[in-house]
Amino acid sequence: MQKKIVCSIFALALLCGCVDPNSKPGPNDVNPNDTIPQVDTTTVDPVDTVEVDPNYIAPGDTVREKPLVMWIDASANFQRFAKKKDIRSTIKKARESGFNGIVVGVKPGNGQALYESEFLQPCVTLGGQTVERDYDYLEYILQVAKEFGMRVEASASVMVMGENARRYGALFDDDYFKEIECVEWLPDGLHKISETGQFGAINPCHPKTVEYIKRMLTEMFSNPKYAALDGFVLDYCRYMDANSDFSDYSRARFEEYIGKSVENWPSDIYYYKSPDKARGDYTPGPLYNQWIEWRSKVIHDVIAESREALKAVRPDADLSVWAAYWYPLPATGQNWGSNRYTTVDSNWWATNTYHTTGYADLLDYFQLGAYCSNVYAMDGGSDSVEYCIQRCTQILKGDCPFWGTISVAQDKYKVATAVQMCLERTSGCMVFDLVHIANHQYWNKVKTGADAAWETLGVNSPLKVKQFPE
């Protein structure tokens, strides 16, 4: 069929005289001094409009590899990447195992920097481990990865700024971040999140939070040392849980959003029937649904401003977000779907305009956290990579491409199958994390899955699989 389409179009082009008048004559062109043949004025029937296969590969063309990316968590690999030789050998191993890209964490949960920053403190101690480096962590990783022809993106846990268990990090050491610490509404009252929460987090709606993220992006992507960075991944770009943020600042902004005062703060949002209840065992109040929408709008706006800051200095750099596959996510304020996906408004907690907070159209691509125990839906139902991919396709509505991302933390995980599925059915694949790949020795399984996907997709052998006629 394709051959007939190409021939018909070519014939029509000749008959219509579609020739560039400024083009230079080639060796087989007619000499202008020769006799010009009589023009054929025969009427030609119009060619039927045919929908051309968008996946058609012309003979001689090749299909490029999709991103197959390894995540390098800053905390989990802090000691592993203490020395340059270990960084080089690991990245080389990753390339040999089929990976063509990495995501490297450069601002872990303690709120400090693993890159050259003018306002964040350098990260020397993390998770109780201390590593003194005489080199720029991000610069060296970028240098080595680019030597192997790999894509490199930086990532940051943007809302996490301190290690609560150790009372350590920016939330405890820096007045800038102390001022914007999250306040949680719990059964026994209001508390700073550093006193009760798992993570030391900051308030997403505060302008100082947005300014810090924008400054981080601007200084990183305008630094010539990091000019080869391909993009940035916003991680933990959310509220930590449903219990935050109940600061005075958030109250003022919420009242501004709904256009009236909250008479009973914070019980008009939700309340506990008794002080011995668990933090999640609350009863929604009369303003609960509007509160859920507002928090999602806050995260939407953080991403919008982050995108603007990044594109101002590096228009070619990609902005993405990693988020868990569960959808919707009202507790964390992450509406990663399309703002045209209105089905979500049918949830009991949603307003009729909740869908407008979807931020998919702000992303260059989305990292779908399909961290499931099973690969196929027939084995795990909703707890499967396949189910997540199918749902994500519906929810994004084509607003941005997305990658399937998998966690290989568990033993005997079907790594090859999961990698192959993500590469074949989405725009890329991210494997979390280096520490799990190394611990379980999953290198060869990643390579097996990638090779199988490239074979199916016809990477570097375009006609081998699709069997298109020459």
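## Exercise 1: a pair within one helix

Glu 96 and Lys 92 lie four residues apart in helix α2 (residues 84–96), which means that about one helical turn separates them; a helix here is a DSSP run of H or I with at least four residues, a strand is a run of E with at least two, and both are numbered from the N terminus. The model is predicted, so local features need pLDDT of at least 70 and side-chain atom pairs count only at pLDDT 80 or more, whereas totals for chains, interfaces and linings use all residues. Residues are numbered from 1 along each chain as its sequence is written, and side-chain values use heavy atoms, with hydrogens and water left out.

Task: find which contact joins the side chains of Glu 96 and Lys 92.

Solution. Start from the cut-off: a salt bridge is a side-chain nitrogen of Lys or Arg within 4 Å of a carboxyl oxygen of Asp or Glu. The side chains of Glu 96 and Lys 92 meet at 2.5 Å, N to O, in a salt bridge.

## Exercise 2: a pair across the chain

Task: state where Asp 364 and Arg 307 lie in the chain.

Solution. First, their side chains form a salt bridge with an N to O distance of 3.3 Å. Next, the pair links distant parts of the chain, 57 residues apart, with Asp 364 in the loop between β13 (318–324) and β14 (365–369) and Arg 307 in helix α9 (residues 288–313).
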